[in-house]
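Please read these notes with the sequence and the model open side by side. They are numbered points, each on one topic.

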Amino acid sequence: MFEQPLSKYAVIGDPITQSLSPDIHNACFHQMEMEANYDAVHVRKEELAPKVKSLIQSGYKGFNVTIPHKVDIIGLLDEIDPFADAIGAVNTVVVEGSSLKGYNTDGPGFYQALLQVHPFNLKEANILVIGAGGAARAIVKTFLLKGIKKVSVTNRTAGKAEQLLEGSSGLLLSLEEAEANLGQYDIVINTTPIGMVQNLHATPISTEHLESHTDVVDIIYNPLMTKFLKQGVEKGCTIQNGVPMFIYQAALSFELWTGMKPDLSLMKKTVEQKLGGK
Ligand code: NAP
């Protein structure tokens, strides 16, 4: 019997110890009896190029890219998928020999997750996105590429939201305008870190004018239930946390590297077990 060589994958970022990506990918490799391993590699902003070179030399077949490297990695690629190019950020790299090709699975992963809560008429939905950082960029660009036209963005730094909406029919709103009109949206999405462990008791927007017909989505998955989502439940809204997005983006990366579809329910169970809830 020949022993299969170990296929190595990783996520690179700073900070990285909190990442659940190794847990979900390794659970799938194990279940599928694949000789593969996925680890978390701490890479500071200034050491991106040498660390990526060393991953290639060590035989890694692919890696995920997280904060703060999603834009800077583009400069190190040999090829970029047109969709990732349009988004302007890369979260998945496929290594072939010494050649690197970059993809973005955050936007498509989020879109697949959103279809779970809003399966009908998503193209016609009136959507508010709170935040204009990397994740918002992937989400909003995906909406625009998918032909969703009624997209509004509110962000602490208005200039960043303006840049994000450039060339589109999307609307830029102040936080006050968004709060006052909250009842008009079909879907409201938080893409800021407000509600994470560091600021558990905060919400990204006042939910005073939220109505039960609106789907409330938070892309945060730790904690599983943010204060924003709890307020959504109190108003009778359908809610979704960041777990489905996290799983779908990971599944798309897994497929790009291995050509195989991982077990989504195993990925979900692994995340929920790690975070102690549903
Ligand atoms: P990012 O690029 O740093 O962007 C953060 C955004 O939040 C910016 O628009 C920033 O506004 C805003 N923001 C940050 N702190 C704020 C505050 N105190 N008050 C008001 N606005 C604030 O981060 P990111 O990569 O987009 O990630 C954002 C969140 O999404 C994180 O919680 C991350 O864990 C989560 N995420 C989840 C998934 C998933 O799979 N579920 C994937 C990616 C990211 P300014 O523009 O004014 O700075």
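1. Helices (H or I, at least four residues) and strands (E, at least two) are DSSP runs, numbered from the N terminus. R137, for example, lies in helix α5. The structure is a predicted model, in which local features need pLDDT of at least 70, side-chain atom pairs count only at pLDDT 80 or more, and totals for chains, interfaces and linings use all residues. Residues are numbered from 1 along each chain as its sequence is written, and side-chain values use heavy atoms, with hydrogens and water left out.

2. A nonpolar core is a set of buried Ala, Val, Leu, Ile, Met, Phe, Trp, Tyr and Cys residues joined through side-chain atoms within 4.5 Å. Buried means under 20% relative accessible area, exposed over 50%, and partly exposed in between (1.4 Å probe, protein chains only). In soluble globular proteins, nonpolar side chains tend to be buried together. Here the largest core has 26 residues, and F110, V129, F143, V153 and I189 touch the most other members. At least two residues of this core come from each of α4 (106-117), β7 (127-130), α5 (134-145), β8 (151-154), α6 (158-165), β10 (187-190) and α9 (243-258). The largest share, 5 residues, is supplied by α4.

3. Which residues does V129 touch, not counting residues up to four places away in sequence? With contact meaning heavy atoms within 4.5 Å, they are A136, V140, F143, V151, S152, V153, T154, I189 and T191. There is also a second, separate core, of 22 residues, which includes I24, V243, A251 and V271.

4. Next, the ligand. A residue is near a molecule or strand if one of its heavy atoms lies within 4 Å of it. Of the 21 residues around the ligand, A132, A135, N155, T157 and I219 come nearest. The shell has 11 nonpolar, 8 polar and 2 charged residues. In this count Ala, Val, Leu, Ile, Met, Phe, Trp, Tyr, Cys and Pro are nonpolar, Asp, Glu, Lys and Arg are charged, and the others, Gly among them, are polar. Both α5 and α9 supply at least two residues of the shell.

5. A polar backbone atom of A132 is 2.8 Å from an oxygen atom of the ligand. For K160 it is a polar side-chain atom that lies 2.9 Å from a ligand oxygen. F246 has a backbone N or O atom 3.3 Å from an oxygen atom of the ligand. On its own the ligand has 930 Å² of accessible area, and the protein covers 75% of that. Accessible areas come from the Shrake-Rupley method with a 1.4 Å probe; for residues, only the protein chains shown count as cover.

6. Some backbone angles deserve a look. Most residues other than glycine have a negative phi, and most peptide bonds are trans. The peptide bond from D14 to P15 is cis, with omega near 5°; P15 sits in the loop between β1 (7-13) and α1 (21-31). Another cis bond joins N222 and P223, with omega about 10°, and P223 is in the loop between β11 (215-218) and α8 (227-234).

7. For E33 the angle is about 50°, and the residue lies in the loop between α1 and β2 (36-42). For N121 phi is about 55°, in the loop between α4 and β7. Are E33 and N121 buried or exposed? E33 is exposed, because its relative accessible area is 70%. N121 is exposed too, with 59%.

8. Setting aside residues up to four places away in sequence, T142 touches F83, I87, G107, P108 and Y111. R137, also in α5, is partly exposed because its relative accessible area is 28%. Leaving aside neighbours within four places in sequence, R137 is in contact with I87, G88 and L164.

Terms used: Polar contact = N/O pair within 3.5 Å; in protein donor to acceptor, adjacent residues only side chain to side chain.
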